[in-house]
Structures are given as C-alpha cells and as structure tokens.
Amino acid sequence: MKRLSRYRRHKAAAPLLLVIALLAIGTTFSVASATVKQSPTTFARSAAIDEGKQLFLKGCSSCHGLNAEGGAIAPSLIGVGAASVDFQVGTGRMPMADMSTQAMRKAPVYNAEQTSALAAYVASLAPGPAIPEDSVLNYERDGNTAEGGELFRNNCAMCHNFAGQGGALTQGKYAPTLMGVEPKHIYEALITGPQSMPVFSDKTITPAEKLSIIKWIKAAEKEPNLGGASLGRVGPVTEGLLGWILGLGLLIGVAVWLATKAR
Amino acid sequence: MTKAEKTLGSVANYVDERTGAAAWMKKNLTKVFPDHWSFMLGEVCLYSFVILLLSGTFLTFWFDPSQREVTYEGTYAPLQGLKMSAAYASTLHISFEVRGGLLMRQIHHWAAIIFMAAIVGHLLRVFFTGAFRKPREFNWILGVGLLTLGIVEGFLGYSLPDDLLSGTGIRIAEAIIQALPVVGSYLAFFAFGGAFPGESFIPRIFTVHVLLLPGAFLALITIHLMLVWYQKHTQFPGPGRTEKNVVGYPLMPTYMAKAGGFFFIVFGVIAFLSAVASINPIWLYGPYTPGQISAGSQPDWYMGWLDGLVRMAPPLETHAFGHTISWNILIPGLIVPGILFTGMALYPFIESWFTGDKREHHLLDRPRNAPNRTALGVMSLTFMMVSLINGGNDIIATHFSMTINQIMWGTRIGIFVLPPLAFIITKRLCLSLQRADRDLVLHGTETGRLLRLAHGEFVEVHAPISAEKAWTLTSHEQLPALELSETDSRGVRRPGGIKNKLRLRLSKAHAVAVPKVSADDLKEIEHH
C-alpha cells in the first residue's frame, strides 16, 4: 500500500484513475446492455403488458373492473386468455356498443397492435387459451373439407344454419353469420366459446378437426350459387316468398293482360 | 275446294264414320266460356300440374329411391368420401352430372310452389265470389281434396332427396303421427317399418309420390274439369248475363288459342324462375342423419302455417293409463287443421243451411255484396297468415332484428285477436263499398268540374253512369234474413231450439247490407 500511496500524487495518477473508471463503467454498461439484448421479448412483453394495462384502464375497466375482476354488468377476465381478447376485440365486439342482448360484430375500435397489447395484459393475469400461431392455422394444408362439413353439421349447423348463414336463438340472441370471418377468429371462438357459444375443447374437436371445419366454412364462402340466385341460403321461407310474389304475381299479371285484350 | 281441304275432309270423314265424333265435337268445340282474369287461376294449377308430371318423370330416370348406404364419389368436392343414402347421392348426380338435371329439379320444385300457390288463389276466387253454391258443392269438395292432396304430395316430394332438411321434415311428420292418442306409436312403426328412420321410408314415400297420389290427382282433376264442363262456367253479373246463359267466347278457336298460349306462358314463367333462382340446394344441406339439424329448418310455404301452429303451441302433455298425450302437437298438428279443412269442405252446405237458399247460382257474387262471407274468408286468411309468420319466426327474427320470443308471443296473441278483428274490419269495408256503389248509381261519377251557382254556392258536377254499369251495380239480389218462428202453426215449440237460434243469427248476419238502389230511389232523385 505504501508503494501505491507513494504514487498518489503522481502526475499520471488522475488521468489513469479516470481511464480505469471509464473502462469499468464501459464494461459494466456493455455487460448490462448485452443481457437486455439476450432476452428482448421479456422486455417488450412487459412493455406490451403495461401498454395493455393502460388501454384496459381507459377502455375496459369501467365495466370489467380496475383489475379485470369483473362487475355487475361484465364478467371477470382473469383466466379468459389471449385468444378470448383477440376474438372479442379483434372482431369489434368489445368494447360493446349495445348491452341489451349480445355483442355485435362491428369495425374494431383498437388496431392490431393495441389488440395484442390488451391480449397480453389479460393473458398476464392468469393462464388461458393462447392466440393460435399462423403456422397452426394452415387449414388449406391440414384440413379436409368433407370431414369439416360433417363436423359442421354435427356441431355448428343447429345454430349457425346449414350454410353458416347464422340463425336466431332465444330472447333476441343469435348465432352470427360465419361468412367473411377470419380463420383465426373462428378458431378462437371454438376454443373460448364467446357469448352463447359452447367451448369446443381440443378433446371434443381436435385441432386438426377445427381446421377441417374452417376449411369447410371457407369453401362454403367461396361456393358459387350453382342453381341461380341464392335467396340468402336460408331455406324455404324466401323460396315461398319469391314463388308467390314473382311466380304467381307474373302469372296473374299475364292473366289480367290476356283477359283485357279480349275485350 | 283445294286439294288440302279435300284430303283433310276425307280424313275427318274416315274418323267420324268410325267414332261418331263430329256431332260431339260440333257441340263441344263451340262451348262458350266467360272471360275474367281470375278464371285463369285454375288454369295455372292445371298447367303447372302438367309441368310437374313431365319434369317429375324426367327425374325418375335417375333418382334411386333407396336408403342403401353408399360412399359419395361424384363431382361435388365438399361431399366427396361421405357416407350417404343412394337417394341423396342420386339427387346429387341429377344436380351435377345429368345434363339439364339441376334445371329440371328446379323446374319441378318451382312448379310445385306455384301449383300450390295457384290452388290457393283459385280457391280464394271461388270462395269470395260464391262460385261454390249450388250446383257446384261437389266440385268445391273436390277442390278442397285436391288442395289437401297437394300439401301431402308436396311434402312427400321434398322428403325424397334425403338431405338434412327433408329428413327433418320427416322427423316432424313422425312426431305428428305419434301424437295420435293410443294408436300413434303403432302407426308410426307401421309407416316407417320400425323405429325412425329405418330403411323403408324413402322407397315407400317414392311409390306414393310418383304413383298413388299423381294417379289420384289425375282422376280428381278429370272429374273436377268434367263437372266444370257439364255445369258450365260461372260468370260475373252484367248486362245480358243471366242465370240461364253464358256470355263469352267459344272454345274453338278463341279459348283453344288462349289456353294453349297460356300454358306456354306458365311454363315460361316457371322455367325462368328455375333458371335464375336456386331452390332447395340439397348439396349445401348435406346428407340426412338423425343427429343433425340446421337452424331455420322450415317446410315449404304450404306447410309453413302448420309448422307455425306447432311452434306457437305451449308445452302441454297429459299422462294417463300408461299413455302420453302430447296436446302441444295433437292440437296444432291434427285437431286445428282437421277443423279448418272440414269446415272449409262443408261451408257450401252450411251457408245454404242458414240462408235457406236452395236455388242454382251461375252468376257470381261481387265479394262486397256478400259481406259476411267475405269477412269470414279474410278472417281465415288472417289466421293462416299469422301462423305462417310464426312458421318463419327464426328467419324473421334474424333479418328484422326481432326476438323469436316477441314473434312467438305476438302470434300467440294475434292468432286469437287478429282474425276476429279482420272479420269486423272486412265486413265494415264491404258495407262501405256497397254504400259507395249506391252513391255512384244515385249521383253518378265526380267530373272534377266545379260549378258556381247564382247565389254563390259551389257544387261539383256529377255525370250519370252508363245504364250498363248501373245495371251491373244493382242487379244483385239482397235476400232478407230467414224468419223462423219459435213455434209451429199449432203453437207447439219447434224442436232444436239452439240449432234454430244459431241458424237465425247466422242468417241475420249474412243478410246485413246497404239497401241497393231501387227504381223508386231513382224516380225520387229525378224529382230533385
């Protein structure tokens, strides 16, 4: 120590100390910053959760509670999972415009980034169904249309109609049309069971079968109207209406014309 | 005589010498038919029936009426590899692989829709104009029979393809059979050859649909038309038209040309509809399995009112002596339709009973001149419409943002409230129209020309209507109500007091009218 303290007042001591200090700070900083680079998602996720929480507090907490614990008019969101949020917010059902019967599909209020932030926040509260990855959703490759049709008629047609056009439920509730719904949202609806819909767990309908159903729905969407105007694909009600109005209407018109000409 | 005329003449002579057809033809080809657009509704029925026979025959060439299980290997990709009945597979084959098959299927189905609609239109014309009165009561009953057969035939027709919708309909038919007390379950087993669905109902329905009922139709339609021929067609009242003549055009050439042309127009309209509008796209429904059902499953419109009645029935059941009586199906599915159709078939006899009118009628009533009958008709129509609306309650709910419960309760109340209301309103409307007719005969038509009198008063000049029109508006008879004394000539009370009271009340209600213009009224107005 004596030797060190002998050079304490040396001319070079101050600059040397400065260099050492700078080196130490630089090394510490580079080590610290390197750790952040090693797991960037944790950082982003916590940022997304924070952003989601802010969005939640502004847009959702008045009904769902400050900690998503639910309230008198809205359910708890703890454990509903990211898939549920992605479905409800991504299809514009949440935030809800009209609380009378059920959430309607409308233009989404939040953009994709905000939706995933909200989903991240809700998912952080408790584990729940996750948003399916794009790689999982390759229904074109992994689905079977005919099998999907059979599954659809067994599990979905009783509410959503034979062609996925939707149908009425009790007390003003309804099963919406499935035409034009994104595959991701169909999948999420199956695993989360929004509103009156039951949950179709992977035990009831396997992921592969879910993809088959999606493939069938997409085929029905693209299905050309082979017999002429589809009349809404809702069955005999519109057919009878057209038969009376256009069919018999035209014939009565002709009959009146024939009877008039004879005079 | 040209050569062609000579040849034709000798051919005609050859035929006549062997059949004696000339005298018959001479008499019948000059038969006169009156002209009115509403008389052509019956023709629409006949022509669409012919189209049904022809298109149906085409379909039988490929249709396989069997419930044998096959694996679909046809061209329609979304169903490939599925197990289904041969009936469904062959209907898919007709739709997608047989040339013109889909068009023919659609022609057959649209023709059925229009056939039934035209039957109802024709029935309404006959009812509202009183054409069912003596001597045409039998023909009315035949008509009601044809309507009933048509409903059954149509139902069996859309049950044949064995798609999801048709199987659902059959299931409901089974439920209605089962609702019959005591014998229901046995009848259902008998009809389906065992438990539902079994393997026999498609072949059985097929035989009834293509053989039994069309045969019955042909026979009944023939008798229906022969009676029209024999009894001559009714006509609307007008100058020169009496109960003893028919004013119109001869069958040959006018009606031959008109009716022949009209057949092709009916065919054209049906073919047009079939070419532009899809009907019963069975490939979308998928094959029938008892475990499946689609939201918004409805029957065709002519069964829709029955479905609506069943849908509005509250859940009522009685358990007695080991049997269940399902009132919720029995009442709307069998009892109410039974009462309606029996009442409809018997109406000509009921009306002549309470009016005491046993004379022949070949001149039609204008609906307004029989307010009670017209009101009764509109009342029945309202009943049918209310139940038909409930038959489509789920489609109406989704498309008009209503709830099924609102529609169900609306029609549950409406089925009791609206028909009587329709009766009252129609009767008032008819009487108002009679009053308008009376004004028209007495004061003529408004000319729109205003005249200022010397003392400053403005009056509108009325032009008297033509004598023909005045005659038409005043030629109907207004029968007084029946008068039945409660005692006979010896002062003894007549038997059947309640029956007589009912008869008197009905007769009185039927006779309500605004007095038509008499010769005295006109004389009086000339004095003004």
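Is Cys63(A) buried, partly exposed or exposed? In this predicted model, Cys63(A) is partly exposed, its relative accessible area being 26%. The briefing below covers the cysteines and then the interface of chain B with chain A.

**Cysteines**

- Across all chains, the number of disulfides is zero.
- Cys63(A) accordingly takes part in no disulfide, and the nearest cysteine sulfur, belonging to Cys60(A), lies 8.7 Å away.
- Cys156(A) is buried, at a relative accessible area of 10%.
- The closest cysteine sulfur to that of Cys156(A) is in Cys159(A), and because the separation is 8.9 Å, it is too far for a bond.

**Extent of the interface**

- The size of an interface is often expressed as the accessible area lost when the parts come together.
- Between chain B and chain A, about 4400 Å² is buried, and carbon and sulfur atoms supply 71% of this area.
- On the chain B side, Trp37(B), Leu284(B) and Gln292(B) lose the most area to chain A, together accounting for 14% of what that side buries.
- In terms of contacts, 61 residues of chain B meet 48 residues of chain A.

**Polar interactions across the interface**

- There are 13 residue pairs in polar contact between chain B and chain A, counting pairs with both residues at pLDDT 80 or more.
- The salt-bridge count between chain B and chain A is zero.

**Make-up of the chain B side**

- Elements giving two or more residues to this side include α3 (41-60), α5 (101-128), α10 (251-276) and α16 (404-443) of chain B.
- The largest share, nine residues, comes from α10(B).
- By class, the side of chain B that touches chain A comprises 41 nonpolar, 16 polar and four charged residues.

Notes. Residues are numbered from 1 along each chain as its sequence is written. Chains are lettered from A and ligands numbered from 1 in the order in which they are written. This is a predicted model: local features need pLDDT of at least 70, side-chain atom pairs count only at pLDDT 80 or more; totals for chains, interfaces and linings use all residues. Side-chain values use heavy atoms; hydrogens and water are left out. A disulfide is a pair of cysteine sulfur atoms within 2.5 Å. Buried means under 20% relative accessible area, exposed over 50%, partly exposed in between (1.4 Å probe, protein chains only). Contact means heavy atoms within 4.5 Å. Buried area is the accessible area (1.4 Å probe) that two parts lose on being put together, summed over both. A salt bridge is a side-chain nitrogen of Lys or Arg within 4 Å of a carboxyl oxygen of Asp or Glu. A polar contact is a pair of N or O atoms within 3.5 Å; within protein, one must be able to donate a hydrogen and the other to accept it, and residues adjacent in sequence count only if both atoms are side-chain atoms. Helices (H or I, at least four residues) and strands (E, at least two) are DSSP runs, numbered from the N terminus. Ala, Val, Leu, Ile, Met, Phe, Trp, Tyr, Cys and Pro count as nonpolar, Asp, Glu, Lys and Arg as charged, and the others, Gly among them, as polar.
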